[in-house]
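Try each task before reading its solution.

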Amino acid sequence: MKIAILPDETTIAATAADLVSEVFAAHPEAVFGLATGSSPLALYRELIARYQAGEISFAQSTSFNLDEYVSIEADHPQRYRNFISDQFTSHVDFNPAAVHGPDGNAADLEQECARYEAAIERAGGIDVQILGIGSDGHIAFNEPGESFASRTHVGVLTEQTRRDNARFFDGQLDRVPTHCLTQGLGTIMEARRIVLIAQGSGKARAVKELVEGAVSAKWPATILQMHPDAWILIDEAAGAGLELADYYREVWEKTHHA
Ligand code: GLP
């Protein structure tokens, strides 16, 4: 993993946007994996600014969302297909037909998961995948105990995740859906490049496990230790628990920041 402990949200967003831009500069038709949550919002704003400045285009790209709530109102702003459109894809030159997300309101959820996996495969797989991390170590909605080999599946959210996300549902826990559709850990691990963003002290424990913990289904994000091109972009607060923080800073300065 490449670990960058960066001073603020703006620097994290610019660094993440550079990693995305590098992929699109080489392959304008790159397949883009999109994450929800608050962590990638500054990145999306930066990519919109770069698009407006004529520095990047998504006209030839295809995108795939990581996950979705099951049984959420069609027009709810937290329905992830609405969220991704509102926060990012509708502000750039994505072809709306090329923007994909699993449908958590499908009549047959198992069939929808299989359809979604096949669509990712048909697109040639994901070239660059954005990730956040849950305070319980989840990526996408792969909660503790999930198989490292899992594909897109129906999942059950932990109480912790539902509490964390209640802020997006007027603070009311009982309004947060209990189930989700999510790309599996096996699906995510096939992305060619992964850019994970984590900020704030609430993520410190999960980041410590992600970077320095044993690879374990208890902390699903730890599987990223096995990925050949995973970039972990964090702020000081999220990195506060890292034992080898000084070493990671030295490596980053000497290799990526000269
Ligand atoms: C949700 C999403 C995850 C995201 C996580 C963190 O549960 N399914 O993909 O990484 O929240 O959210 P935030 O970035 O708001 O902390």
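Predicted model: local features only at pLDDT ≥ 70, side-chain atom pairs only at ≥ 80, totals over all residues.

**Exercise 1. A helix and its charged pairs**

Is E209 buried or exposed?

*Solution.* Start with the accessibility of E209. Its relative accessibility is 14%, and the cut-off for buried is under 20%, so E209 counts as buried.

Next, look for a partner. The side chain of E209 meets that of R205 in a salt bridge, with 2.8 Å from N to O. Both belong to helix α7, residues 204-212, and because they are four residues apart there, about one helical turn separates them.

Now look at another pair in this helix. E212 forms a salt bridge with K208, and the closest N and O atoms are 2.8 Å apart. E212 and K208 are also four residues apart in α7, which means a separation of about one helical turn. As for accessibility, E212 counts as partly exposed at 23%, and K208 is partly exposed at 21%.

**Exercise 2. Salt bridges beyond the helix**

How many salt bridges does the model hold?

*Solution.* Begin with a general point: side chains of opposite charge can pair when their charged atoms come close. The cut-off used here is a side-chain nitrogen of Lys or Arg within 4 Å of a carboxyl oxygen of Asp or Glu. By this rule there are 19 salt bridges.

Take R175 and D170. Their closest N and O atoms lie 2.8 Å apart, and the two form a salt bridge. R175 is partly exposed, at 47% relative accessibility, whereas D170 is exposed, with a relative accessible area of 60%.

Finish with the network. Salt bridges link K2, E22, R193 and D229.

**Exercise 3. The largest pocket**

What is the volume of the largest pocket, and which residues line it nearest its centre?

*Solution.* First, the volume: about 360 Å³. Second, the lining: it has 24 residues, and G37, I133, G134, H138 and N165 lie nearest the centre of the pocket.

Third, the elements. Those that give two or more residues to the lining are β4 (67-69) and α5 (159-165). The largest share, three residues, comes from α5.

Last, sort the lining by residue class. Nine of its residues are nonpolar, eleven are polar and four are charged.

**Exercise 4. Around the ligand**

Which residues come nearest to the ligand? Then list side-chain atoms that lie close to its oxygen atoms.

*Solution.* There are 14 residues around the ligand, and S38, S39, D67, F141 and K203 come nearest.

For the polar contacts, the cut-off is a pair of N or O atoms within 3.5 Å. Go through these side chains in turn:

- K203: an N or O atom of its side chain is 2.6 Å from a ligand oxygen.
- H138: a polar side-chain atom lies 3.0 Å from a ligand oxygen.
- R167: a polar side-chain atom lies 3.0 Å from a ligand oxygen.

**Exercise 5. A proline in a loop**

Where does P96 lie, and is P96 buried or exposed?

*Solution.* Locate P96 first: it sits in the loop between α3 (80-87) and β5 (99-100). Its relative accessible area is 68%; the cut-off for exposed is over 50%, so P96 is exposed.

How values were computed:
Residues numbered from 1 in each chain as written. Heavy atoms only, no water. 1 Å grid on protein atoms, 1.4 Å probe; cavity = no way out; pocket = protein on both sides within 12 Å on 5 of 7 lines; lining within 4 Å. Points joined across faces, edges and corners; volume = space filled by probe spheres on them. Nonpolar A, V, L, I, M, F, W, Y, C, P; charged D, E, K, R; others polar. Buried < 20%, exposed > 50% of the residue type's maximum accessible area, 1.4 Å probe, protein only. Near = heavy atom within 4 Å. Polar contact = N/O pair within 3.5 Å; in protein donor to acceptor, adjacent residues only side chain to side chain.
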